[in-house]
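Take a look at the fold below.

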Amino acid sequence: MAVSDGTGKPRPEIRGDILFDHIRTLSLIGADPLGGRTRLTLTEEDRKARDILVKWMKELDLDVRVDRFGNIFGILEGKDGGKDSLMIGSHIDTVIHAGPYDGCYGVLSGLAVARAFREAGCIPGRSLVVAAFTNEEGVRFQPDMLGSLAFVGGIPADEALSVKDDGGTTVGEALSRIGYNGNEEPGFLIPSEYLELHVEQGPRLDTEKIRIGVVEGVQGISWWRVSITGKANHAGTTPTNMRHDAGYAAASVSVFLRDLAVSTGTTLATIGTINFEPGAVNVIPSRAVFTVDLRDPDCTRLTEAEEKLAEFLQKTAGEEGVRISAEHLVRFDPVVFDRGLADEIEKVAAARGLSSMRMVSGAGHDAQMMARMCRAAMIFVPSVGGISHNPDEHTSEDDMAAGAEVLLDVVLKLLGD
């Protein structure tokens with residue numbers, strides 16, 4: 001849909017009805033009876049979602065390219081003949097039993113911006129690229145954001161394709177199975193700017209009744225897998241002072257991490273998965289394996305948290321007579337986004353009469369990888385109750401439309417005509 005900009009030229013406008021219909025359509029892929037959906041990356045459900053996205057891109061006559069990592073790019077060529085570009089992106093894979101918006105909203109809003117140009121009959125001054133990156137969530141393959149990390153050259157191509165899931169399947173094998181092992185190499189496309197629109201996944205905007213989040217950066221992330229080996233013994237006959245209890249040692253780490261987070265005020269610490277062996281109610285655990293997720297917007301504080309965790313693990317091993325090993329899975333430093341792009345987002349929000357606030361993202365996003373390659377920024381809209389990674393995730397259509405309109409306005413300013 002297009003309206004005049006006052007000069008007689010049609011002005012691109014967001015078609016909210018189509019955007020919401022596309023979101024609903026994707027939300028049905030991988031749906032479960034309890035209202036969630038599971039589309040782990042490079043599964044059959046992911047393939048179905050990818051096929052629909054590519055179909056929608058082709059309906060808009062976008063030039064669809066797929067790189068070696070399965071990242072999908074729909075290109076609307078600009079007047080410059082594709083020499084320079086602005087990219088809008090996110091992901092369409094999900095966590096287990098997910099909500100409908102995380103990632104998908106950003107990709108489909110990018111598609112809505114491309115549609116706005118097509119329906120207005122406008123050719124942008126520079127090319128517009130809509131991107132869907134592989135394995136943002138990191139549930140099936142680690143690290144998370146693997147597709148965008150590989151795209152910017154942050155991990156060697158062969159190493160990225162050799163990453164295995166728990167069943168031993170590599171990324172390369174999974175890509176071949178679903179038919180998304182593309183031919184484009186890293187660096188085939190280097191945008192000048194990258195924008196990502198996303199639901200907040202936290203409570204600040206909803207609590208403070210702010211319509212637009214101007215995201216200035218992403219906090220650092222450190223993932224660990226900790227293995228504790230003790231000695232199995234009878235739960236009813238072994239005195240407490242004679243135990244080498246892997247379960248107790250794991251529990252003490254959990255308490256330590258909570259105290260660490262409370263004492264710093266900025267560090268977040270989570271034990272997201274844990275498994276005990278042999279796993280019997282009346283047997284002292286001989287082994288505990290669990291993951292630790294540390295986050296902080298300040299690189300120095302994140303490093304201090306890692307060091308304190310390592311010190312506590314060493315201390316606990318000595319005190320409890322257990323063996324502890326810690327494997328570092330992922331380490332991403334905090335990222336600061338482009339100030340000029342953030343300023344532009346704030347300006348266009350104000351011009352539309354939308355309240356906004358500056359903020360740092362607590363979750364990781366493909367934008368933090370793209371910031372290694374080009375100017376990058378993010379736009380947030382409210383998540384009701386701050387709920388995310390949950391079927392109860394909800395953002396109103398009014399807020400989703402507002403976010404897409406701000407995105408379009410920023411794109412119009414950046415691309416010109």
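How many helices and strands does the protein chain have? The protein chain has 12 helices and 16 strands. Helices (H or I, at least four residues) and strands (E, at least two) are DSSP runs, numbered from the N terminus. This is a predicted model, in which local features need pLDDT of at least 70, side-chain atom pairs count only at pLDDT 80 or more, and totals for chains, interfaces and linings use all residues. Residues are numbered from 1 along each chain as its sequence is written, and side-chain values use heavy atoms, with hydrogens and water left out.

Start with the outline. The C-alpha trace spans about 85 × 45 × 40 Å along its principal axes. Of the 417 residues, 53% count as buried. Buried means under 20% relative accessible area, exposed over 50%, and partly exposed in between (1.4 Å probe, protein chains only). Now take contacts, meaning heavy atoms within 4.5 Å. Among those between residues at least 6 apart in sequence, 79% join residues at least 24 apart.

Next, the interior. In soluble globular proteins, nonpolar side chains tend to be buried together. A nonpolar core here is a set of buried Ala, Val, Leu, Ile, Met, Phe, Trp, Tyr and Cys residues joined through side-chain atoms within 4.5 Å. The largest has 82 residues. Those with the most contacts inside it include Leu-128, Leu-195 and Val-411. A second, separate core of 24 residues includes Phe-133, Val-152, Cys-374 and Phe-380.

Where does strand β16 sit, enclosed or open? Of the 7 residues of β16 (residues 375–381), 6 are buried, so the strand is largely enclosed by the rest of the structure. Strands pair if DSSP finds at least two bridges between them. β16 pairs with β7 in the parallel sense over 7 bridges. Within that pairing, Leu-195 stands opposite Ala-377. β16 also runs antiparallel to strand β8 (residues 212–218), to which 3 bridges join it. There, Gly-213 stands opposite Phe-380.

Ser-361 lies in strand β15 (residues 356–361) and is buried, at 1% relative accessibility. Not counting residues up to four places away in sequence, Ser-361 touches Val-215, Gly-217, Val-218, Gln-219 and Phe-380. A polar atom of the Ser-361 side chain lies 2.7 Å from the backbone oxygen of Ala-363. This is a polar contact: a pair of N or O atoms within 3.5 Å; within protein, one must be able to donate a hydrogen and the other to accept it, and residues adjacent in sequence count only if both atoms are side-chain atoms.

Now the charges. A salt bridge is a side-chain nitrogen of Lys or Arg within 4 Å of a carboxyl oxygen of Asp or Glu. The whole structure holds 31 salt bridges. One of them joins Lys-55 and Glu-59, at 2.7 Å from N to O. These two residues are 4 apart in helix α2 (residues 44–59), so about one helical turn separates them. Lys-55 is partly exposed at 46%, while Glu-59 is exposed at 52%.

Which residue does Glu-184 pair with? Its partner is Arg-65, with the closest N and O atoms 3.3 Å apart. Glu-184 lies in the loop between α6 (171–178) and β7 (193–199), and Arg-65 in strand β3 (residues 63–66), so the pair ties together parts that are 119 residues apart in sequence. Glu-184 is partly exposed at 22%, and Arg-65 is partly exposed at 29%.

Asp-296 and Arg-301 form a salt bridge too, at 3.2 Å between the closest N and O atoms. Asp-296 is buried, at 0% relative accessibility, whereas Arg-301 is partly exposed at 31%. Elsewhere, salt bridges link Arg-11, Glu-13, Arg-352, Glu-405 and Asp-409 in a network.

Finish with the backbone. The peptide bond from Gln-142 to Pro-143 is cis, with omega near 10 degrees. Pro-143 lies in the loop between β6 (127–133) and α4 (146–151). The bond from Glu-277 to Pro-278 is also cis, with omega near 5 degrees. Pro-278 sits in the loop between β11 (274–277) and β12 (287–296).

Two residues other than glycine have positive phi: Leu-42, near 65 degrees, and Asp-61, at about 60 degrees. Leu-42 is in the loop between α1 (16–27) and α2, and is buried at 4%. Asp-61 is in the loop between α2 and β3, and is exposed at 59%.
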